[in-house]
Amino acid sequence: MLNFLIILFAISLIYLSVSERFRTYAKLIAAQGILLMGIALFELKEVNTASLIFILAETLIFKTIVVPYLLYSIINRTGVYKVHNKSLLGFYSLILALLALVLSIVMANALENPKIDTVYLTIALFTLFIGVLLVVNHKLIFSHMIGFLVIENAVFMFSMSVGSEMTMLINIGILLDIFVSVLIISILINRIGSKFNKLEADNLNSLKN
């Protein structure tokens, strides 16, 4: 069951890389929250009750409910529903995603260590690459925010790869990063959305003037 959840998580990353609608992004982020909760439940067997409750709250409540709700609010407020037309075509994005998966497998095996779970390290690297791909491949700020949230999930996976006992400090850091990223970019989008017709990252340059 654990391997099945990990495979589903990897598939969601590939789907993210080729998707062209922001509502799909929001749904996939929510789905990843559920998958991370399931992975945490199956993997964290020796963690104390308080830490387990915090991890479940982080994955189920924040990643699955709060963050997608904020994303939908931003989508409805800005009226931007699709990625920029200058983004890389889905086919080429899929090729890059598959290359990222192969590179992740190679790197994880090259960094093989008895104290590190190779499977989680592979998925963590793959998640990181997909997050970076979303940032580099798209013009709109919303896509950059999704990429950042995906990178946050990579941090979660990196934590899982080094051991099943995730400390409270790591979880608080992850939770704080996600909250701050959504809060700050929500403010940016609301401010920029009232001034520009298109929420492109290039528009940030004109704010200096």
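Predicted model: local features only at pLDDT ≥ 70, side-chain atom pairs only at ≥ 80, totals over all residues.
Biologist: What share of the 209 residues counts as buried?
Modeller: Buried means under 20% relative accessible area, exposed means over 50%, and partly exposed is in between (1.4 Å probe, protein chains only). Of the 209 residues in the protein chain, the buried share is 45%.

Biologist: What part of the accessible surface belongs to carbon and sulfur atoms?
Modeller: Accessible areas come from the Shrake-Rupley method with a 1.4 Å probe, and for residues only the protein chains shown count as cover. The surface of the protein chain comes to about 10800 Å², and the part belonging to carbon and sulfur atoms is 67%.

Biologist: Which rings form the aromatic pair, and is it stacked, edge-to-face or tilted?
Modeller: A search of the whole structure finds one aromatic pair. Rings of Phe, Tyr and Trp (its six-membered ring) pair if their centres lie within 6.5 Å; planes under 30 degrees apart count as stacked, over 60 as edge-to-face and the rest as tilted. Here the centres are 5.7 Å apart and the planes stand at 50°, so the pair of phenylalanine 22 and tyrosine 25 is tilted.

Biologist: Where do phenylalanine 22 and tyrosine 25 lie?
Modeller: Phenylalanine 22 is buried, at 1% relative accessibility, and tyrosine 25 is buried too, at 0%. The two are three residues apart, about one turn of the helix, and both lie in helix H2 (residues 22-43).

Biologist: Is threonine 24 buried or exposed?
Modeller: Threonine 24 is in helix H2. Apart from residues up to four places away in sequence, threonine 24 touches Tyr15 and Ser19, where contact means heavy atoms within 4.5 Å. Its relative accessible area is 18%, so threonine 24 is buried.

Biologist: Which residues does isoleucine 29 touch, not counting residues up to four places away in sequence?
Modeller: Isoleucine 29 is found in helix H2 and counts as buried at 5% relative accessibility. Its C-alpha is 8.8 Å from that of leucine 16, a residue 13 places apart from it in sequence. The residues touched are Lys63, Val67, Leu71, Ile146, Leu149 and Val150.

Biologist: How far is glutamine 32 from serine 12, C-alpha to C-alpha?
Modeller: Glutamine 32 is another residue found in helix H2, and at 0% relative accessibility it counts as buried. Leaving aside neighbours within four places in sequence, glutamine 32 is in contact with Phe9, Ser12, Leu13, Leu16 and Asn153. Glutamine 32 and serine 12 are 20 residues apart along the chain, and their C-alpha atoms are separated by 7.2 Å.

Biologist: Is glycine 90 buried, partly exposed or exposed?
Modeller: Glycine 90 has its place in helix H4. Beyond its neighbours within four places in sequence, glycine 90 is in contact with Val18 and Glu20. With a relative accessible area of 22%, glycine 90 is partly exposed.

Biologist: At what angle do helix H4 and helix H5 pack?
Modeller: Axes are lines fitted to C-alpha atoms, for helices over the stretch in contact, and angles run from 0 to 180 degrees between N-to-C directions. Helix H4 covers residues 90-110 and helix H5 residues 118-137; their axes are 8 Å apart, and the angle is about 145°.

Biologist: How many residues of the contact of H4 with H5 are nonpolar, polar and charged?
Modeller: Leu96, Ala100 and Leu103 are among the residues of H4 in this contact, and Leu121, Leu125 and Phe129 are among those of H5. Ala, Val, Leu, Ile, Met, Phe, Trp, Tyr, Cys and Pro count as nonpolar, Asp, Glu, Lys and Arg as charged, and the others, Gly among them, as polar. The contact of H4 with H5 divides into 14 nonpolar, six polar and no charged.

Key:
Residues numbered from 1 in each chain as written. Heavy atoms only, no water. Helix = DSSP H or I, 4+ residues; strand = E, 2+ residues; numbered from the N terminus.
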